[in-house]
Amino acid sequence: MINPVFQKANIILLASFFFILFYSPVFAQYKQQQIEITPFAGYFLTSNLSTLDGDLVIDHNFNYGGVLDIRVSDDLFIELLYLSCYTIALIQKFVSSRNISTR
C-alpha cells in the first residue's frame with residue numbers, strides 16, 4: 001500500500017504538471033486565440049542619474065496597466081497597451097556652489 005503522504009505528493013505533482021502544460025504560453029499559441037488580455041502591476045524604484053547639467057532624480061511609485069492583443073490573421077496582431085505610472089522627476093541643476101531644485 002502507498003503511503004498517503006506520497007499519494008498526495010504524486011497528485012500535487014501531476015496536477016502541477018498539467019497546469020503548467022495547459023496554461024503555458026506555448027499551449028496558448030496552439031489554441032489560436034482571437035483576443036488576449038494581460039494585466040500587470042509593479043513598483044518603480046527611485047533612480048538617480050548624473051548629467052552635465054545636474055542630478056536627475058526619479059521618485060518611486062506604483063505602476064499598473066494592461067495589454068490587449070487582437071488577432072487579425074495567423075501572423076498579425078493589433079496590440080493596445082495602457083501603462084499608468086505617476087511619479088515625479090526632479091533635476092537639481094548645478095549653479096556655481098549651490099544646487100537649485102526645479103520640477
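Strand S4 (residues 61-73) runs antiparallel to S5, and ten bridges join the two. Strands here are DSSP runs of E with at least two residues, numbered from the N terminus, and two of them pair if DSSP finds at least two bridges between them. Within this pairing, Val-67 stands opposite Leu-81 in S5. All of this comes from a predicted model, in which local features need pLDDT of at least 70 and side-chain atom pairs count only at pLDDT 80 or more, while totals for chains, interfaces and linings use all residues. Residues are numbered from 1 along each chain as its sequence is written, and side-chain values use heavy atoms, with hydrogens and water left out.

Zooming out, the pair belongs to an open sheet of three strands, ordered S1-S4-S5 with antiparallel pairing. Strands S1 (35-44) and S5 (76-85) sit at the edges, each pairing on one side only.

Then there is the surface. Ile-35, Ile-37, Ile-70, Val-72, Leu-76, Ile-78 and Leu-80 make up a nonpolar patch with about 650 Å² of accessible area together (Shrake-Rupley method, 1.4 Å probe, with only the protein chains shown counting as cover for residues). To join such a patch, a residue needs over 30% relative accessible area and no salt bridge, and nonpolar side chains are linked within 5 Å; a salt bridge puts a side-chain nitrogen of Lys or Arg within 4 Å of a carboxyl oxygen of Asp or Glu. Leu-80 lies in strand S5, and counts as partly exposed because its relative accessibility is 47%, between the cut-offs for buried (under 20%) and exposed (over 50%).

Technical notes
Helices (H or I, at least four residues) and strands (E, at least two) are DSSP runs, numbered from the N terminus. Patches are made of residues with over 30% relative accessible area and no salt bridge: like charges are joined within 9 Å, nonpolar side chains (Val, Leu, Ile, Met, Phe, Trp, Tyr) within 5 Å. Buried means under 20% relative accessible area, exposed over 50%, partly exposed in between (1.4 Å probe, protein chains only).
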